[in-house]
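Please view the sequence and the structure before reading on.

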Amino acid sequence: MRMNLRVSGHSTALYSTCWAIEPIGLLFDCGDGAAATLQQKGLKIKTIACSHADRDHLSGLFQFLQLNSTSNRPLVLYPKDSGSFPAIKKFTDQFDPHVAGNTKWQGIENGHVQQLKPNTFLEAYPNRHIPRSETSQGQHKSLSYSVYCDTQKLKSEFSSLSGPEIGRLRKERPVDEIVDIVRSTILTYSADTPIENAKYWKNPEVLIHEATFLNEKDLTSRKQEARHPSVPDVIKMASEMPNLKVLILGHFSCRYNHEQIRETIQAEAKRWNIKIPIFAVLPGEFVRDILSATPVWEPT
């Protein structure tokens, strides 16, 4: 992978979800217990990218901001048409005055790009967790996010030049005449959402995707097909992503035990001949450095 990612988090459907991404100081969602599980590492978070206003994705903001708001950070990004986040801002500004002086809040919409580090950016785009019947046309109440890097690559017509020749060229001509910008999606966070086609997720190297249900029967019987996917759907989709190197699954329903989840992931990975490791954050777990843990599925 292009970046040495350290991913930590927990995600249990209905209860709490948060995903911390190092070394870029990024937190996806801030469910209950985010501050307690990250502890001192919470001070490294510069940006919190909130996906939507369900309580299991935002109820940890109060304590997290109380402990970690300092030096004009973090920046809290949220769907611009969600009224819950301005309400939380109003409360925290009054209840914890130091938060008002440091934390920045910004409502965003489809296509918003936020710089995280030099050449590293966060992009927001809508998902279908909140059905269109519950929003006005053009509103943005539920978002997914991708992290991408832009790198410079010398144009092919200059590839035969020596180092000194390239140096002289850089002094004589604008940089955009010498190099092409190569964009690579290093990570995508689906947030809560029904299944999409593989191309929708911008061909990432790492995909964090929710997988609430283990089968289509449970999904359809609870009339959740418009809001959440099943493990078979997610793994099938992952099999169609050519650049994917790691799949991380979470947001499982507590109706399933850990062994049922592992067995379903392994069966579906075998069914679709998955060639990459699959990690799972199981109900009730908080996992530090997920990519260093033992995957549920690893190709032989």
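## Basis of the model

The model is predicted: local features need pLDDT of at least 70, side-chain atom pairs count only at pLDDT 80 or more, and totals for chains, interfaces and linings use all residues. Residues are numbered from 1 along each chain as its sequence is written, and side-chain values use heavy atoms, with hydrogens and water left out.

## Aromatic pairs

A total of 10 aromatic pairs is found in the structure. Rings of Phe, Tyr and Trp (its six-membered ring) pair if their centres lie within 6.5 Å; planes under 30 degrees apart count as stacked, over 60 as edge-to-face and the rest as tilted. Phe62 and Phe91 are edge-to-face because their ring centres are 5.5 Å apart and their planes stand at 85°. Since Phe62 belongs to helix H3 (residues 61-68) and Phe91 to helix H4 (residues 84-95), this pair ties together parts 29 residues apart in sequence. Helices are DSSP runs (H or I, at least four residues), numbered from the N terminus.

Phe91 also forms a stacked pair with Phe95, at 5.1 Å centre to centre and 15° between the planes. Both residues lie in helix H4, 4 residues apart, about one turn of the helix.

## Accessibility

Phe62 is partly exposed at 33% relative accessibility, and Phe91 is partly exposed at 38%. Phe95, at 58%, counts as exposed. Here, buried means under 20% relative accessible area, exposed over 50%, and partly exposed in between (1.4 Å probe, protein chains only).

## Cluster and charge

Phe28, Tyr145 and Tyr189 make up one aromatic cluster. Lys202 lies over the face of Tyr125, 4.7 Å from the ring centre; a charge sits over a ring if NZ of Lys or CZ of Arg is within 6 Å of the ring centre and within 35 degrees of the ring normal.

Terms used
Helix = DSSP H or I, 4+ residues; strand = E, 2+ residues; numbered from the N terminus.
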